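The following account leads through a protein structure, element by element and residue by residue. The reader may wish to keep the sequence and the coordinates at hand.

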Amino acid sequence: MAPSLFPDYPPKLTSEQEQYLLSNLKDWSIAHGLAVRPTASFVSQKQDPSGVLATTAPVTLFPSLFPRACFEEGLAIQQAFNELYSAISRDENWLRGIVEELVDIDDFVAKLWGIHVTVKKEGYVQDLSLGLFRSDYMVHIDPSVSGVSPALKQVEFNTIASSFGGLSSQVSVLHNYLSKINAYPHSVASIIKSNSLPQSKSASSLAAGLAAAHKAYGSPRTSYPTCILFVVQDPERNVFDQRHLEYSLLEVGVRSFRLPFHRTLSDTKLESDRTLVYIPPNSPSTPYEITTAYFRAGYSPDDYPNPEDWTARLQLERSRAIKCPSILTHLAGCKKVQQVLATPHSPHLKRFLPNDAAASRVLATFAPIYPLDKSDSGMEARKLATTPELAQRYVLKPQREGGGNNVYRKTIPEFLKTLPESHWPAHILMEMIEPPALKNAILRNGEVQKGGVIGELGVYGVCLWKNGSGLDNEGKVLENWEAGYLLRTKGDQSEEGGVAAGFGAVDSCCLV
Ligand code: ADP
Ligand code: MG
Ligand code: MG
C-alpha cells in the first residue's frame, strides 16, 4: 500500500470529543433515516418481535480524504459510461457472443439468457429501457513508481440494483452537519473548507430517473391508476435506502409499491396485451397499472430458490412495463463484459462509444483484466492465477453481484484446484487496485472501529433509452445524466467492500 499523504487525518479525539461527536451522529442518523434494520445477531426476534427497531447505518465518523481530480473525473465520465452500457444493452448479437462463452459453465447466466430468448421469440412489447447504474472506482497509486499522481481505476460497473443512492445523500449532509456544529476539531475544520464536502444528490437524482421512465411509458392501457414497482428482497435490512427513493418519487407525484420478489406471481398479473397490473394485497379491488419495474432483487441465484421465481422473472420481462434493468442490461453488467472492454487494443469500446475523447477517458479508468480461457492472454492469466507469488496481485471474480463472491490473492491457486478446468472461463482475473493508506473510524452495530481504511467511490448514472428495431436498429438515448456519488469505506484488512454484505460503511468525500 502506498504511504499516506495525510498521516494526521483524522486526528485523535479526546473521549469527551468522541462522545459529543457520536451522540450527535447517532441522533442525526435516526432522525434523517440514515438507518438500517438490525442484524439478527444484533437484535433477536425475541427482543423485537414486530420488527420496529432500526439502527444507524454503518457510517464513518469523518468524511474520508479523496483526491479532487479523481473525484471530478469520475463524475465527468459517467455520461460516457451510461452511453457505453446502453449501447451494449442494445447490441443483442454482441452480448450473445459474451454469453455463449458462459452458458455451459454458468447456470445463472444461462437462465437469464434463456428468459431473453423466450421473450424475444414472442416479441418484446416495450422498447424503452431504464438503467440506474453505478460505476465503482478506487484510487490507484502505483507502489513501484514514486511521485506519480493518483489515478482513478474502475472496480466494476453495476447495471442492476445499484444500492446506497438513498443513504449516500444523507451521509454527505451528516458530515457537513457535524462540521457545522463543531463536532470536529479545528484541524479537521481547516481541511473541510468550503467546497470540499460535495453533497451527493443521488437520492433525488435516481428518483428523477424512475420518474422519467414513468412519464415516458405514456398513456395507460387500462383505466387503473399507474405506479412504479420496487421488486425487493424479503426481508430487506437496507430498506430505508430504498424508502428514500420512494419518498422522493411521491414528492413528484409518482406512486410506488414494494413487491417482495417471491410474491410476484400472486400480486401481479399480465393482461392479454401484456400490460402489467399490480394488485395490492391490502386492497385487491384497486389495482394499478405498472409503468416501471425497478429491480432491487433478482441479481443473485439466492433470489431464485424455487422454479416459480424464474417464472416470475419471465412474467416481468414479458410485460409492457419498462424494466430497470431489462435482462439484456442485467447481462451487460457481467464481469466478462468489463474484461472484454478492457482488452488492450480491443475495437469494442470505440464501436460502442464513437467519441474518441470520451472513449480514451473511459479507457484510462480500466485496470488490467484477463480471461481464464484458452486464448493467448487466457493462458498467460492461468499462469498468473496458479502461481502463488504471482496471484498475490490479483482478484478472481465470477459473474456474480452483491459482494462476497470473489477470491483474493494467494487463495486463488488453491481455489482453482477445487474447480474443474472447464469451469475456469466462468471467471475473470483482475489486477488488484492499490489505494493510498488512509485512516478513519467506523460506527457499526454501536461499536467504533478505528484504523487503516480503503475507500471505493461509486458514481451513479441514469440512462433511459429506446431499443432499436427494424431499420432503426441503433436505438436512441432519451435521457442521460450523472446522478450523484457514494463513498464506501472498509477496514484495510478486508478485501471485500460491501456495506450490506457486512464489510464496509457509508462515507462521504472530503476533496483534497
Ligand atoms: P460485486 O459485484 O460482488 O460487488 P466487485 O467487483 O465490486 O463485485 O468486488 C467486490 C469488492 O472486492 C469490491 O467492493 C472491492 O472492495 C474488492 N475488489 C474488487 N475488485 C478489486 C480490485 N481490482 N482491486 C481491489 N479491490 C477489488
Ligand atoms: Mg457489482
Ligand atoms: Mg461491487
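This is a predicted model: local features need pLDDT of at least 70, side-chain atom pairs count only at pLDDT 80 or more; totals for chains, interfaces and linings use all residues.

**Contacts, helices and a sheet**

Leaving out residues up to four places away in sequence, Leu-270 touches Leu-276, Gln-315, Arg-318 and Ser-319. Leu-270 itself is found in strand S9, which covers residues 268-270. One of its contacts, Gln-315, stands 45 residues away along the chain, and the C-alpha atoms of Leu-270 and Gln-315 are separated by 7.4 Å. Is Leu-270 buried, exposed or partly exposed? Leu-270 counts as partly exposed because it has 15 C-beta neighbours inside 10 Å, and a residue is called buried only if 20 or more other C-beta atoms lie within that distance and exposed if 12 or fewer do.

A record supplies the setting for a span of the chain. UniProt, in an unreviewed entry, places the feature "domain: Glutathione synthase substrate-binding" at residues 226-332.

Helix H9 (residues 239-251) packs against helix H6 (residues 165-180), with the axes 6 Å apart and an angle of about 90°. H6 and H9 are therefore roughly perpendicular to each other. On the side of H6, the contact is made by Gly-165, Gly-166 and Leu-167. On the side of H9, Phe-240, Asp-241, Gln-242, Arg-243, His-244 and Leu-245 take part. Sorted by class, the contact of H6 with H9 has three nonpolar, four polar and two charged residues.

The axes of helix H3 (residues 78-90) and helix H15 (residues 356-363) come within 10 Å and cross at roughly 95°. This angle makes H3 roughly perpendicular to H15, because angles of 65 to 115 degrees are classed in this way. The residues in contact are Ala-80, Phe-81 and Leu-84 of H3, together with Ala-358, Arg-361 and Val-362 of H15. By class, the contact of H3 with H15 has five nonpolar residues, no polar residues and one charged residue.

The account now turns to a sheet. Strands of a sheet pair through backbone hydrogen bonds, either parallel or antiparallel. Here, four strands form an open sheet in the order S13-S16-S14-S15, and the pairing is antiparallel. Strand S13 (369-371) and strand S15 (407-408) are the edge strands, each of which pairs on one side only. S13 is joined by three bridges to strand S16 (residues 427-431), and the two run antiparallel. Ile-369 has Met-430 as its bridge partner in S16. Helix H16 (residues 376-386) packs on the sheet, where it touches S13, S14 and S16. The direction of H16 makes about 105° with that of S13. Helix H13 (residues 335-342) lies across S13, strand S14 (394-398) and S16, and runs at about 110° to S13.

Which residues does the UniProt annotation "binding site" cover? In the unreviewed entry, the annotation covers Glu-156, Asn-158 and Glu-401. Although these residues are spread over 246 residues of sequence, they cluster in space, the largest C-alpha distance being 10.0 Å. Glu-156 has its place in strand S6 (residues 151-158). Glu-156 is counted as partly exposed because it has 18 C-beta neighbours inside 10 Å. With residues up to four places away in sequence left out, Glu-156 touches Asp-136, Lys-335 and Gln-338. Glu-401, by contrast in location, lies in the loop between S14 and S15. With 18 C-beta neighbours inside 10 Å, Glu-401 counts as partly exposed. Setting aside neighbours within four places in sequence, Glu-401 is in contact with Asn-158, Ile-160, Tyr-299 and Ser-300.

Finally, Ala-216 is placed in helix H8 (residues 202-216). Ala-216 is partly exposed, since 16 other C-beta atoms lie within 10 Å. Not counting residues up to four places away in sequence, Ala-216 touches Leu-128, Leu-464 and Leu-478. Ala-216 and Glu-18 are 198 residues apart in sequence, and in space their C-alpha atoms are 49 Å apart.

Definitions and conventions. Residues are numbered from 1 along each chain as its sequence is written. Chains are lettered from A and ligands numbered from 1 in the order in which they are written. Two strands pair if DSSP finds at least two bridges between them. Two residues are in contact if their C-beta atoms, placed from the backbone, lie within 7 Å. Axes are lines fitted to C-alpha atoms, for helices over the stretch in contact, and angles run from 0 to 180 degrees between N-to-C directions. Angles under 35 degrees count as roughly parallel, over 145 as roughly antiparallel, 65 to 115 as roughly perpendicular and the rest as oblique. Ala, Val, Leu, Ile, Met, Phe, Trp, Tyr, Cys and Pro count as nonpolar, Asp, Glu, Lys and Arg as charged, and the others, Gly among them, as polar. UniProt positions are given in the numbering used here, feature names are shortened, and annotations may be inferred rather than shown by experiment.
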